[in-house]
Amino acid sequence: MDVRLLEATDDPERVICTGARNDYSAPFVGDQSFAETMATIDGETIEDKKCTLIGRLLDHGHFGPFEHPQATFAIEGVSRSCMAQLTRHRHVSFDVQSMRYVAFDEVDPEDVREGAMVVTPPSATDPDWVGRNQRGGGVDEETVEQRETVFRESVTSSVESYQELLDLGMAPEDARFVLPIGTEVNIVMSMNARMLMHVADMRAAADSQWEIRQLTEQVLDLAAEWCPITFAYYDEHLKGRKNRLAP
């Protein structure tokens, strides 16, 4: 899995603060300098003032100003299963790598057997891994070796069947029906800062599935660089309050 920030609103926290101050400002914020807009906010420096205002907004649930800054992320190599969970967030915009127009006819099935093209869940290789809905706890080495063998043989056979169907002239959009739900996909997604916090509420939670949790944590790391005051406050004070920050 690889997650990168493609594009994002410049100076997002200036945008957030300007939007919020507009709600309580008689003068038109478009005619003011940012220093004038923030003049009545507590703080020695403009950064201090942004920290004060952003913390106050998040603490009081005034989330509207966080809908102004937008970010676009590129995601490589998550499963179609993970994609199905992610795309349930309907206020996020997505472009998804097509299996109608992208054929995987040149992938070597032996590479699939070694882990290419299909995401391998940790429960197939780690005897100590315990999933949320798993019956029982960890397993012994022999059992996990059997799991991995069954998993590898199954996904390799699926890819071999897919490529055989392509060779027989079936269109990729129909041949794809035999591919596993763990088949890797690339995604581009865009959302505002408020929606990003909501997705994190839902998908970085302890009871989320491991893959989308890993994805969300990587997105949060990038968000912390892009919009540092906001996501530092979110991480310290709000993260983990599942389903509290509605989209």
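Hi everyone. A cavity, for today, is a set of grid points where a 1.4 Å probe fits but cannot get out. Please keep in mind that the structure on the screen is a predicted model.

Let's begin with that cavity, then. The count comes to one cavity of 30 Å³ or more, and the largest cavity has a volume of about 40 Å³. Which residues line the largest cavity? They are Leu 86, Met 189, Met 191, Leu 196, Val 199, Leu 215, Thr 216 and Val 219. By class, that lining is seven nonpolar residues, one polar and no charged. Strand E4 (184–192), H8 and H9 each supply at least two of the lining residues, and H9 gives the most, with three.

Next, have a look at helix H3, residues 46–59. With 14 residues at 1.5 Å a residue, H3 should span 20 Å, and its end C-alpha atoms are 20 Å apart, so the two agree. Several residues of H3 are buried: Lys 49, Lys 50, Leu 53, Ile 54, Gly 55, Leu 57 and Leu 58. Their cover includes helix H1 (12–22), helix H2 (34–37), helix H8 (193–203) and helix H10 (228–238). Just after H3, Gly 61 takes a positive phi of about 70 degrees.

Let me stay with one lysine in H3, Lys 50. Its relative accessible area is 7%, under the 20% cut-off, so Lys 50 counts as buried. What does Lys 50 touch, leaving aside its neighbours within four places in sequence? The contacts are Asp 11, Glu 13, Arg 14, Cys 17, Phe 34, Met 38 and Ile 229.

Last stop: Tyr 101, in the loop between strand E3 (93–96) and helix H5 (109–113). Is Tyr 101 buried or exposed? Tyr 101 has 68% relative accessibility, over the 50% cut-off, so this residue counts as exposed. Tyr 101 and Glu 173 are 72 residues apart in sequence, yet 7.5 Å apart in space, C-alpha to C-alpha.

Note on methods. Residues numbered from 1 in each chain as written. Predicted model: local features only at pLDDT ≥ 70, side-chain atom pairs only at ≥ 80, totals over all residues. Heavy atoms only, no water. Helix = DSSP H or I, 4+ residues; strand = E, 2+ residues; numbered from the N terminus. Expected span 1.5 Å × (residues − 1). Buried < 20%, exposed > 50% of the residue type's maximum accessible area, 1.4 Å probe, protein only. Contact = heavy atoms within 4.5 Å. 1 Å grid on protein atoms, 1.4 Å probe; cavity = no way out; pocket = protein on both sides within 12 Å on 5 of 7 lines; lining within 4 Å. Points joined across faces, edges and corners; volume = space filled by probe spheres on them. Nonpolar A, V, L, I, M, F, W, Y, C, P; charged D, E, K, R; others polar.
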